[in-house]
Amino acid sequence: MKAIYTYAALALCTYSFGQQLFIVNADNKFGVVNENGVEIIAAKYSSIEEFDVMHANWAKVELNKVYGFVDKTGKIIVEPKYHEISTYNALHEGWALVKKDDKFGFIDNAGKEIVPPVYDKVGTFGEYAKDWMLVEANGLKGFIDTDGNLIVPVKYAQIDQFDTIRKNWTLVKDSKDKLGFIDRTGKEVIPVVYDNIEAFVKKQTVIANAE
């Protein structure tokens, strides 16, 4: 196949079978051809980053101001639909933070959306519990685990650190300023219905007042 592209600012990549791949530009659209000029990825993207930078055998591509990934065979691994894709492994091994319509989520090492982009903020694993990450949406908080599961529903206005009042418990407050406790399994061990909670530290007991 005859090469028909303008080779401008080319990025050179090494292909797994020993071939070299070139990022090419045609009418301000980018694609990829091999060393014989055979088109591997059609020149339709606004930008293509070098392969193997963000993920082995993948390149990040931009189309209409959204991003995804293609592999060295030209297969689309992640459809271009995210407004941002961050570096893998920054917050959790094998995950990359993604942003869509100002909401955050995660894709995994296979490109699967492991956590949908529905959160306004995300924390870090271990900040509250070893395998939990704090997530926030519409001013309310909850937790996901390392499998991407929602372990504590996003319904609390405030979540304190564990073990402050009682070991393996944490104080939570809802949007109506009612208080209660959850444990390290995510279970509500004391319902969130109280106006005030005070601890007798020496006796390790709790007094709760509700109207």
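Let's start with strand 3 (residues 29-34) and strand 4 (residues 39-45), which pair in the antiparallel sense over three bridges. A quick word on terms: strands are DSSP runs of E with at least two residues, helices are runs of H or I with at least four, and both are numbered from the N terminus. Two strands count as paired if DSSP finds at least two bridges between them. Phe 30 has Tyr 45 in strand 4 as its bridge partner. The two strands make a hairpin with four residues between them, and Gly 37 in the turn has a positive phi of about 85°.

Keep in mind that this is a predicted model, where local features need pLDDT of at least 70 and side-chain atom pairs count only at pLDDT 80 or more, while totals for chains, interfaces and linings use all residues. Residues are numbered from 1 along each chain as its sequence is written, and side-chain values use heavy atoms, with hydrogens and water left out.

Next come strand 5 and strand 6, an antiparallel pair held over two bridges. Here Ser 47 has Glu 62 in strand 6 as its bridge partner.

Strand 6 also pairs with strand 7, again antiparallel, and this time six bridges join them. Five of the six residues of strand 6 are buried (under 20% relative accessible area; exposed is over 50%, partly exposed in between, with a 1.4 Å probe and protein chains only). That is why strand 6 is largely enclosed by the rest of the structure.

Side chains of opposite charge can pair when their charged atoms come close. A search of the whole structure turns up nine salt bridges (a side-chain nitrogen of Lys or Arg within 4 Å of a carboxyl oxygen of Asp or Glu). One of them joins Glu 49 and Lys 60, with the closest N and O atoms 3.7 Å apart. This pair links distant parts of the chain: Glu 49 is in the loop between strand 5 (47-48) and strand 6 (58-63), Lys 60 is in strand 6, and they are eleven residues apart. Glu 49 is partly exposed at 33% relative accessible area, whereas Lys 60 is buried at 13%.

Lys 72 and Asp 52 form another salt bridge, their closest N and O atoms being 3.0 Å apart. Lys 72 is in the loop between strand 7 (66-71) and strand 8 (76-82), and Asp 52 is in the loop between strand 5 and strand 6, 20 residues apart. Lys 72 is buried, at 7% relative accessibility, while Asp 52 is partly exposed at 39%.

Strand 17 and strand 18 are joined by two bridges, and Gln 158 has Lys 173 in strand 18 as its bridge partner.

There is a salt bridge here too: Arg 184 pairs with Asp 163, the closest N and O atoms being 2.8 Å apart. Arg 184 is in the loop between strand 19 (179-183) and strand 20 (188-194), and Asp 163 is in the loop between strand 17 (158-159) and strand 18 (169-173). Arg 184 is partly exposed at 34%, and Asp 163 is partly exposed at 35%.
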